[in-house]
Amino acid sequence: MINVTKPFLPPLEEYEYYIKGIWKREWLTNNGPLVNELELRLKDYLDVPHLFFVSNGTIALQLAIKVLGLKGEIITTPFSFVATTSSIVWEGCIPVFVDIDPATLNIDPALIEAAITSNTTAILATHVYGNPCDVDAIQVIADKYNLKVIYDGAHAFGTNYKSKSVFSYGDLNTLSFHATKLFHTTEGGAIITHDASVAKEIAHMRNFGYDGPEHFYGLGINGKNSEFHAAMGLCNLKYVSEILLRRKEQSERYNTKLLSLKVSKPVIKLHIEYNYSYYPIIFESEQALVKAVEALHGVYVYPRRYFYPSLETLNYVPQQKVSISSDHSKRVLCLPLYHDLSLEEIDMICRALLRSQNY
Ligand SMILES: *Cc1c(COP(=O)(O)O)cnc(C)c1O
């Protein structure tokens, strides 16, 4: 059986090394030494000034909206994982969907201005499949209308834009380190800021608002993560460069083998060093997609429809029409891609796909 993804696991001895340290120190959570070490290593790897390791990518999004004090309407993309939209609603704001660019499947900056009202406070956009949004165009609009910019970077670990980490752009960046992501800590996430005063707020907010053992700085929640999760992250970080290279090789194999398949792929624009975190293909029709999925199931291959359905269909958001997202979400399929998927397995998947198209 081949699933769309498979979590990377480091050699057990390497994890055990860290676990023994936890037993020795008897320090399990609350900003322990492994959490600190992971944060330092990640800041270094991503070349960002302030990074907080939190419980998951959804808490990171909620903290981002909360720490900026956002109210009213937040412009966002309907083509993302549900957490991007649910976090906006959870924080008492209204998601205003702007349709996507059919070439990249990211929010279309050309449509943002028309959606801005006197109640708009921010733009929350996702770097879909790790392919960066048009961060330059988005920043121009944000500056013109005095809006904050948050990027949901759950897919974007390892992607660079103009020779810098994609997390260098926008006011806040959120990451997910869930087991299915390219770099993971089992469960986990992070929030990145370039502003020291925002960093100070996040540090308190993540820990119930505590400012010393008997004093509260302000409102907070429990967004902390544990030494065990940090240990997994420290082990996995060692292998990230290898995983990135491998995914490039695997994606190129798909490209070569699928040349004659009647599908298109999201466009990766100039100045982008892509992380190959997913391998999405866009069919000509939903019918063609369903046929391909059936053929793959026939050979025990389980791709996933990321992202389906489009988020304007959620029953807790105001009704809005976003036809490109709605249409593309019905036709896009992510093929299996993970560290130890072999080139032979990829060839087998490609043969099944090509057969499904011919008969
Ligand atoms: C995975 C994901 C999240 C949520 O992250 P969790 O760590 O699972 O909470 C948010 N946004 C996107 C785009 C994701 O893919």
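The model is predicted, so local features are reported at pLDDT of at least 70 and side-chain atom pairs at pLDDT 80 or more, whereas totals for chains, interfaces and linings use all residues. Residues are numbered from 1 along each chain as its sequence is written, and side-chain values use heavy atoms, with hydrogens and water left out.

The protein is assigned domain 1 (2-98 + 106-237) and domain 2 (240-358), with bounds that come from an automatic or database domain assignment. The C-alpha centres of domain 1 and domain 2 lie 25 Å apart, and their contact (heavy atoms within 4.5 Å) takes 41 residues from domain 1 and 47 residues from domain 2. The size of an interface is often given as the accessible area lost when the parts come together. Here the two domains bury about 3700 Å² between them, 65% of it on carbon and sulfur atoms, where buried area is the accessible area (1.4 Å probe) lost by two parts on being put together, summed over both. Within domain 1, the residues that lose the most area to domain 2 are Ile2, Val4 and Tyr129, which together account for 25% of what that side buries.

Between the two domains there are 20 residue pairs in polar contact, both residues being at pLDDT 80 or more; a polar contact is a pair of N or O atoms within 3.5 Å, of which, within protein, one must be able to donate a hydrogen and the other to accept it, and residues adjacent in sequence count only if both atoms are side-chain atoms. The interface also holds 1 salt bridge, a term that requires a side-chain nitrogen of Lys or Arg within 4 Å of a carboxyl oxygen of Asp or Glu. A salt bridge is formed by the side chains of Lys6 and Asp340, at 3.3 Å from N to O.

The largest nonpolar core has 34 residues, and Ile75, Ile112 and Tyr129 have the most contacts inside it. Such a core is a set of buried Ala, Val, Leu, Ile, Met, Phe, Trp, Tyr and Cys residues joined through side-chain atoms within 4.5 Å, and buried means under 20% relative accessible area, exposed over 50% and partly exposed in between (1.4 Å probe, protein chains only). This core draws at least three residues from each of domain 1 and domain 2. Apart from it lies another core, of 33 residues, which includes Tyr18, Val35, Val48 and Tyr239.

Helix α7 (residues 227-237) is largely enclosed by the rest of the structure, because 9 of its 11 residues are buried; helices (H or I, at least four residues) and strands (E, at least two) are DSSP runs numbered from the N terminus. The buried residues of α7 pack against α1 (12-25), α2 (33-46), β2 (50-54) and α8 (240-257). At the start of this helix, a side-chain oxygen of Ser226 comes to within 3.2 Å of the backbone nitrogen of Phe228.

Backbone geometry was also examined. The peptide bond from Tyr306 to Phe307 is cis, with omega near -5 degrees, and a cis peptide bond also joins Tyr308 and Pro309, with omega about -5 degrees. Asn30, in the loop between α1 and α2, has a positive phi near 65 degrees and counts as partly exposed at 45% relative accessibility. Tyr300 has a positive phi near 60 degrees, and at 55% relative accessibility Tyr300 counts as exposed.
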